[in-house]
Amino acid sequence: MKYKRILLKLSGEALMGEKNYGIDIDRVAQYAKDIRKVHDEGVEIAIVIGGGNIYRGLSAEKSGMDRVQADYMGMLATVINSMALQDALEKVDIKTRLLTAIKMEQICEPFIRRRAVRHLEKGRVVIFGAGTGNPYFTTDTAASLRAIEINADVVLKGTRVDGIYTADPLKDPTATRFDELSFQDVYDRGLNVMDMTAFTLCQENKLPIIVFDMNKEGNLMKLTKGEDIGTLVR
């Protein structure tokens with residue numbers, strides 16, 4: 001396997017499947033099966049999930065809600081998604097640990113870096129919930145930060161499209177896909193890969209990012225084996 005330790009970033013919207021809201025249990029089960037195959041190859045896996053399928057802080061702020069309050073509500077939404085994925089993973093016999101940046105002792109462990117690394121070394125899939133625990137930071141930033149903290153080899157950003165395009169391929173049929181980009185290329189072209197804080201964290205720490213289609217079964221395995229799937233940013 002090309003990568004020994006990965007940070008998989010999933011959007012909350014990806015968990016909706018074909019629904020307009022909430023969690024598609026069949027889609028989550030598919031993700032769990034794909035993760036299981038990679039886990040069985042000895043790859044250490046950490047996961048960060050967004051909360052946009054349940055609640056999005058920025059949208060609430062535009063409606064008049066206090067931004068800090070809205071962001072904390074969004075963090076709680078990520079914990080709900082994390083618990084759903086944890087359940088699906090345990091149904092396919094993977095031992096997991098859910099660690100959150102906000103203390104919720106009845107359902108998860110608080111995030112402690114050394115504990116997270118130890119869980120990974122013991123072969124457990126670690127899910128990081130509640131973002132960074134701070135308002136004004138996205139789950140993309142949480143993914144970049146956690147990946148750096150645990151010394152992950154790569155950030156794998158699973159989306160509903162198969163890479164980075166010149167424009168939104170769902171809206172512009174003429175958009176073309178990039179196979180590989182440098183961090184500077186992304187800046188120069190104004191491409192939307194992650195929010196700027198998350199992206200800069202990866203650049204400064206020389207942490208590569210791969211954007212790929214998580215909804216296509218087997219893509220995660222192909223990536224960890226080193227196949228050219230999605231778009232690589234390094």
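**From one loop to the whole fold**

Reply: The backbone nitrogen of Asn-134 lies 3.2 Å from a polar atom of the side chain of Thr-132, which is a polar contact (a pair of N or O atoms within 3.5 Å; within protein, one must be able to donate a hydrogen and the other to accept it, and residues adjacent in sequence count only if both atoms are side-chain atoms). This is a predicted model, in which local features need pLDDT of at least 70 and side-chain atom pairs count only at pLDDT 80 or more, while totals for chains, interfaces and linings use all residues. Residues are numbered from 1 along each chain as its sequence is written, and side-chain values use heavy atoms, with hydrogens and water left out.

Me: OK, and where is Thr-132? Buried or exposed?

Reply: Thr-132 sits in the loop between strand 5 and helix 5, where helices (H or I, at least four residues) and strands (E, at least two) are DSSP runs numbered from the N terminus. Thr-132 counts as buried because its relative accessibility is 15%, given that buried means under 20% relative accessible area, exposed over 50% and partly exposed in between, with a 1.4 Å probe and protein chains only.

Me: What does Thr-132 touch?

Reply: Not counting residues up to four places away in sequence, Thr-132 touches Ala-101, Phe-137, Thr-141, Ala-142, Leu-145 and Arg-146, where contact means heavy atoms within 4.5 Å.

Me: How many residues of helix 5 are buried?

Reply: Eight of the eleven residues of helix 5, which spans 139-149, are buried, among them Thr-141, Ala-142 and Arg-146. The cover over those buried residues includes strand 1 (5-10), strand 2 (44-49), helix 3 (67-91), strand 5 (125-129), strand 6 (154-159) and helix 7 (196-204). At the N-terminal end, Thr-138 caps helix 5 through a side-chain oxygen that lies 3.2 Å from the backbone nitrogen of Asp-140.

Me: Which rings does Arg-146 lie over?

Reply: Arg-146 lies over the face of Phe-111, at 3.7 Å from the ring centre, and its charged end also sits over the ring of Phe-128, 5.9 Å from the centre. The criterion here is NZ of Lys or CZ of Arg within 6 Å of the ring centre and within 35 degrees of the ring normal.

Me: And what comes just after helix 5?

Reply: There Asn-151 takes a positive phi of about 60°, in the loop that leads from helix 5 to strand 6. Asn-151 counts as exposed because its relative accessibility is 52%, and, leaving aside neighbours within four places in sequence, Asn-151 is in contact with Arg-5 and Arg-113. Asn-151 and Ile-6 are 145 residues apart in sequence, yet their C-alpha atoms are 8.9 Å apart in space.

Me: What about Ile-6, buried or exposed?

Reply: Ile-6 is found in strand 1 and counts as buried, because its relative accessibility is 0%. Residues that Ile-6 touches include Val-43, Val-154, Leu-156 and Leu-220.

Me: Switching to the cores: which residues touch the most other members of the largest one?

Reply: Of the 39 residues in the largest nonpolar core, those are Leu-8, Ile-35, Ile-47, Leu-85, Leu-89, Leu-156 and Leu-220, a core being a set of buried Ala, Val, Leu, Ile, Met, Phe, Trp, Tyr and Cys residues joined through side-chain atoms within 4.5 Å. Helix 3 gives the most to this core, with six residues. A second, separate core of 31 residues includes Leu-99, Ala-142, Phe-178 and Phe-183.

Me: How many aromatic pairs are there?

Reply: A search of the whole structure finds three, pairing rings of Phe, Tyr and Trp (its six-membered ring) whose centres lie within 6.5 Å, with planes under 30 degrees apart counted as stacked, over 60 as edge-to-face and the rest as tilted. The rings of Tyr-187 and Phe-199 have centres 5.2 Å apart and planes at 85°, so this pair is edge-to-face. Tyr-187 lies in helix 6 (residues 183-189) and Phe-199 in helix 7, and Phe-183 joins these two residues in one aromatic cluster.

Me: Last one: how many helices and strands in the protein?

Reply: There are eight helices and eleven strands. Of the 234 residues, 53% count as buried.
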